[in-house]
Number of protein chains: 2
Amino acid sequence: MYSYKCITTYNGTKYNGWQKQGNTPNTLQGKLEDTISRMLNENVEITGSGRTDAGVHALNQVFNFKCSKQLEDNFADELNGYLPKDIRIISCESCSDRFHARLNATEKVYQYRIDTSAYGNPFMRDTAHHVPETLDIEAMKKGASYFIGTHDFKSFCSNKKMKKSSVRTVYDISFDYSEANSLLSITFRGNGFLYNMVRIMVGTLIEIGLHKRDTESITAALEGKDRALAGHTAPPNGLFLADVLYKE
Amino acid sequence: MYSYKCITTYNGTKYNGWQKQGNTPNTLQGKLEDTISRMLNENVEITGSGRTDAGVHALNQVFNFKCSKQLEDNFADELNGYLPKDIRIISCESCSDRFHARLNATEKVYQYRIDTSAYGNPFMRDTAHHVPETLDIEAMKKGASYFIGTHDFKSFCSNKKMKKSSVRTVYDISFDYSEANSLLSITFRGNGFLYNMVRIMVGTLIEIGLHKRDTESITAALEGKDRALAGHTAPPNGLFLADVLYKE
């Protein structure tokens, strides 16, 4: 068997998320598996670095798969020829047969984009969350600083039945504001993120930016380990899986 | 009668261009006129600074209209409440009753965006023209320099029956390349542009960038006054009406 590591970017607007689930049509995993399987004329299963929800995008999502044939150098180009234009393969390279896109990931980077224009940028409807009210970005930065480090993020997870550890390490949260298009981008780096964790952190930071809660409430939410103590789940359209890093 | 000047931005992907024409559904002018007329309960006609073709976008399109009622200060916000999200009103202000969005315009700015990524950015499908082959940008800049100044642009116009002067002045053409997203933006400033003129100039520059024609062919095309001497018409999705300027 041959092993391959692929990097894909997709506009998640029209998809029911990454993970193939029963008969749910139109998942990214399903679309990629079906297309690769048809091209190679064998049943291929792909393993993503993690799921993305319906409407969430990826700048660089990583997946791996095994197959019985050695692929040509132009396989990525050929695959792009068969895929819809909103899913693109950036690269596809031979890898160790021990490589596992999810288990071997050491760091993930997510970006959340907020359109702060008064009227709502008509070119960012699917790729940014529109918040027309004035955001206190300095307060949001202060609030974000409480997330940095190793914490139990149980309050920032939508999965109530989660039995595994909800402790994660957030390495960095950076803010970038582009005057030109009134776009606020918040980039999160960490060793991993729980289900909906980035969106709940963003929802909480937005509430802080709107002065609907104070910055210290984040410490209380982390300590309380109760989803009700955190803010709302920000919508999926602003979220991008930006990068997945591996020790190599 | 009261007179108003409005600035609008729209994603033209789903529209049959700016101009209302007979029964053509889904034009920007038609959508705006219908919505404003219904809000004010009177027949309003709007005058745009110029047409944009089907699939062409606007960052700042200007139009004016007259009506019998004085509008409230929050009219733009209210209008946005009734318009689809891919058409937004940036501002709506009282103006002189002699103001005419098309006749008074002294300068227009268009931007054309080219996605130069190998695989085609899935987030720019409607807002950039994808050219995966390597473009010689220096040659394109050299070619563009021949457009600057006052010329008869007859070869760069799709309207064969044009009886008015096809002499226009191009003030400036600037190139901006963003490494981050492999995006080449070409910005054209001039006192006015003929039908499809920017798209034909871009199509010609792309042919130069691909070494399918030489830079001097632009001089020959300008002098020859024959559409066949210029390049192809670049597709509409990369074109943005960026600004319309008035002497004030």
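Which residues in H1(B) meet which residues in H2(B)? The model looked at here is a predicted one, so local features need pLDDT of at least 70 and side-chain atom pairs count only at pLDDT 80 or more, while totals for chains, interfaces and linings use all residues. Residues are numbered from 1 along each chain as its sequence is written, chains are lettered from A in the order in which they are written, and side-chain values use heavy atoms, leaving out hydrogens and water.

On the H1(B) side, the residues are Thr35(B), Ile36(B), Met39(B) and Leu40(B), and they meet Phe75(B), Glu78(B), Leu79(B) and Tyr82(B) of H2(B); contact here means heavy atoms within 4.5 Å. By class, that makes six nonpolar, one polar and one charged. The axes of H1 (residues 28-40) and H2 (residues 75-82) of chain B come within 10 Å and cross at roughly 115 degrees, with axes being lines fitted to C-alpha atoms over the stretch in contact and angles running from 0 to 180 degrees between N-to-C directions.

Now for the two chains. Here 19 residues of chain A are in contact with 19 residues of chain B. Together the chains bury about 1,400 Å², 68% of it on carbon and sulfur atoms (the accessible area, with a 1.4 Å probe, that two parts lose on being put together, summed over both). In chain A, Tyr119(A), Pro122(A) and Phe123(A) lose the most area to chain B, together 45% of what that side buries. Zero salt bridges turn up between chain A and chain B (a side-chain nitrogen of Lys or Arg within 4 Å of a carboxyl oxygen of Asp or Glu).

Notes
Helices (H or I, at least four residues) and strands (E, at least two) are DSSP runs, numbered from the N terminus. Ala, Val, Leu, Ile, Met, Phe, Trp, Tyr, Cys and Pro count as nonpolar, Asp, Glu, Lys and Arg as charged, and the others, Gly among them, as polar.
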